[in-house]
Amino acid sequence: MAQGLCLNGRKRPAGAEEERAARKRQKADGGGPGPGPEEKSCRLSAALLGEDCEISHDQLYELLKYAALGKCHNAAQPSWCRIYHQSHLAGVVVVVLHEMSQVHFYRFYLQFKHLRKVFRHRFTLAPSADFLTSLYGEGTDLKPQNTAQGLTSTSSERVAKSSDWQCDPIIQRYGETRQGLTSYTLTLEEQKKNCYPIKGSPGCKDYISTECDQQRTDSSPLFGLDCEMCQTAKGNEVTRVSLVDARGQCLLDELVKPERAVMNYHTRFSGVTKKMLLPVKTRLSDIQTKLKKMLPHDAVLVGHSLNADLRALEMIHPSVIDTSLLFARTEGRRFKLKFLAKAVLGKEIQSEQRLGHDPTEDARAALELAQFFIEQGPAKVAELNLEMLLTAEKLAEVSQNKAALQPQGCGVQKQPSEPPRLSKPCFLDCLQVTGQKPLLLGRQGLDSSGLCQSNVSASNKQILQRALEDVPLSTFSIIQFSLGPEYIASHLHAALHEKVRSKLTDMLTIYAGPFEESFCLKSVKKEFGRCGPIQSLRVVTETFQPYVCVQYEVLEAAQLAVESLNGAEVAGSCIKVQRPVTAAMLDCDTLIKELELDVENEGVIYVAGLKKSLTETDLQEEFSHLKDLETLCLPKDLQSGKHRNCCFLKFQKSQSALDALEAINGWTMKGSELRSRKALASGHLWRWIWHMNHSNGKQGKHIFYETMEQLSDSEQDLRKKVKKLDHHIKKLYRSLQNNTLCIVLFPGLNSTRGSQPGLGLMGIKNDRGRSAC
């Protein structure tokens, strides 16, 4: 699924207007008067749609560290979501459901009544062989002196290692005091010195101005920009452009056709090939027009050596932050973007395994570097001692290269190992250094010395009772529950996966007929294709009259076909449309109804019948008149990358979504009639269904009949355990204070027994007992 794009081109900042809107929504929903003047309501915002729904353990770690420590302890706002008023959080509670995966949640979806009705944000979690280690961060020693406030040593140690603090080029240039973003934008003289395109300067006569001439302020919006170029007779010409907003959301990512014949595609760096550019019709003038429309009048562009990008774009922009100059070095040297992302943000970009750079990734990295510098200030950046880190990294590389060349017996040379990686600090260390003693309950706990201690024998009921007593006394808690060791055998996991896959296949499949013997299959496919993307279509010949079996790629399409085409006249026949009648499908109507009521699907609708030639920009323009439209998501085939003939629309209010349903159904767009309904499987579920739908039973073909029977025999008992587990979490959640961030994690599986993705649910509890959005 494509990334969610805001209709106005950028996310709205968190300001007074948004706060007033939040209070109005609370009043309309029947909530209380809200927090008083002393207590601010914390909120969580995350664009978890499509590709953005897959969250890594590093991103989860990033969220937990910021939630627990905040900016005052050198923790940066997470890149994939945003916590408003973090300093007013009452606490952080992480519930880990041991040995459970995303499969468990959807196999027992109806039993997890509390989880699906309370938490507004859901994401797929990459499985890990050692989940808790990845959650806590690297390092096992919890001694206070191993603080990990930065990358490899404490801030005080870094300062001590600096020979002369006042000689640091960052301190010399910006001083020690933290300032607003306007202090870090390049002056006109600095732009001239660094060859930025300026009005009236040589070679810039025909350059286009962004017309962002409004006076910039410290609250001006930041935008990350990066381009990939090729070599032509004209010089460097743009082949790909990416623009991201202040939250890292991609606003623009397009290939561009150069004006002249290409002499060198620079594929090694750009990733752009001749084949990729052949069908492209977008020209530089089109990109210039789009950028002028997207950028507000006080926009500040951020990039790494941004002068080269602006010259290739042939555009002039007055307000820029250049991260290659921001992280100052002596004697005109500059740090590479890849190194800064790794050393400052702890992120790996420009992977050697991938062909070329990803400009969206580079634009986002430059933006986050600038945000880190602005939020933390020059003194904190200087404390990182980047020069020393770079030297250490180079020495490690030299050492590895030498080791790789050493003979290892019998003339066999040792292959070079992976490049050195800067270690991630231990999260529990960070908490204890700031005076917070984390609470760990379940399969592991903390003994009196502060070290992890196994506690496998405790039951879920005992863990809950202890949590109800101790969680209010701790600002950070990790509570582990388990279904019991008898359910973690590999064959049962595989059988569970196969049952979910089989049921999803049945829910995506419909049978239509009967048709006349000489019916037109093409017209049938066209009619059913208006409901959504079809994976397969075949004629059933086992019946007296022919039927058609259609398997869709999204749940909404199959449901739309059942609702709109049952009893309709198709290909000259009045047909019946139904799903397969199996034991697993007896509760299908109940499941569909509960999916519609799922809190994650509030305000989200599904629209089918779109022409595949329509782009995201086209759809934004077509749907822009719909009231309270917040995000548009256009799914794409995960193999071909082509867009499907459907999309998801997310609205700020549920009533606005219902109004849009009435307006869209039967509406004609570009000669195609649209069909719409409430969403059933938005966000992370779309990608997961696609993968399961294309697995063709590969997970289950080695599962023996006895294994499936064994699982069936134990499922009734398992459902009871799941229902009780959901009740335990409900009881724990109700005991939490308002403004508590609560995250429930199904860790997933990644071992010799197999691999299953995990699932995360998160929200901040508010006055109404449900997570605040």
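Phe623 counts as buried, at 0% relative accessibility (buried means under 20% relative accessible area, exposed over 50% and partly exposed in between, with a 1.4 Å probe and protein chains only). The model is a predicted one, in which local features need pLDDT of at least 70 and side-chain atom pairs count only at pLDDT 80 or more, whereas totals for chains, interfaces and linings use all residues. Residues are numbered from 1 along each chain as its sequence is written, and side-chain values use heavy atoms, with hydrogens and water left out.

The secondary structure of the chain comprises 27 helices and 35 strands; these are DSSP runs numbered from the N terminus, helices being H or I with at least four residues and strands E with at least two. Of the 773 residues, 54% count as buried. The accessible surface of the chain comes to about 35,700 Å², and carbon and sulfur atoms contribute 49% of that surface (areas come from the Shrake-Rupley method with a 1.4 Å probe; for residues, only the protein chains shown count as cover). Among the contacts in the chain with a separation of 6 or more, 74% are between residues 24 or more positions apart, a contact being defined by heavy atoms within 4.5 Å.

Aromatic pairs number 16 in the structure. Rings of Phe, Tyr and Trp (its six-membered ring) pair if their centres lie within 6.5 Å; planes under 30 degrees apart count as stacked, over 60 as edge-to-face and the rest as tilted. The pair of Tyr174 and Tyr184 is edge-to-face, because the ring centres are 5.1 Å apart and the planes stand at 70°. This pair links distant parts of the chain, ten residues apart, with Tyr174 in helix α7 (residues 169-174) and Tyr184 in the loop between α7 and α8 (188-193). Both Tyr174 and Tyr184 are buried. Phe623 and Trp667 also form an edge-to-face pair, with 5.8 Å from centre to centre and 70° between the planes. Here the partners are 44 residues apart: Phe623 belongs to helix α24 (residues 616-623), and Trp667 to the loop between α25 (654-664) and β28 (668-669). Trp667 is partly exposed, with a relative accessible area of 23%.

Ring pairs also join Phe105, Tyr106, Tyr109, Phe112 and Phe746 into a cluster. Over the ring of Tyr109 sits the charged end of Arg116, 5.0 Å from the ring centre; the criterion is that NZ of Lys or CZ of Arg is within 6 Å of the ring centre and within 35 degrees of the ring normal. The charged end of Arg329 sits over the ring of Phe335, at 4.2 Å from its centre.

Helix α14 (residues 337-345) is largely enclosed by the rest of the structure, because seven of its nine residues are buried. The buried residues of α14 are Leu337, Phe339, Leu340, Ala341, Lys342, Ala343 and Val344. Gly346, with a positive phi near 70°, follows α14.

Glu314 lies in the loop between α12 (306-313) and β13 (315-316) and counts as buried at 17% relative accessibility. The side chains of Glu314 and Lys234 are joined by a polar contact of 2.6 Å (a pair of N or O atoms within 3.5 Å; within protein, one must be able to donate a hydrogen and the other to accept it, and residues adjacent in sequence count only if both atoms are side-chain atoms). Beyond its neighbours within four places in sequence, Glu314 is in contact with Tyr207, Ile208, Lys234, Leu284 and Gln288. Arg501, in helix α20 (residues 490-507), is likewise buried, at 12% relative accessibility. The C-alpha atoms of Arg501 and Ile689 are separated by 8.4 Å, while the two residues are 188 residues apart along the chain.

The structure holds zero disulfides, a disulfide being a pair of cysteine sulfur atoms within 2.5 Å. Cys42 is buried at 1% relative accessibility, whereas Cys574 is exposed, with a relative accessible area of 57%.

Several local backbone features were also identified. Gly513 and Pro514 are joined by a cis peptide bond with omega about 0°, and Pro514 is placed in the loop between β19 (509-513) and α21 (521-529). Glu211 is not a glycine, yet has a positive phi of about 60°; this residue is in the loop between β7 (208-209) and β8 (222-232) and is partly exposed at 43% relative accessibility. Ala571 likewise has a positive phi, near 55°. Ala571 lies in the loop between β22 (569-570) and β23 (573-574) and is partly exposed, with a relative accessible area of 32%.
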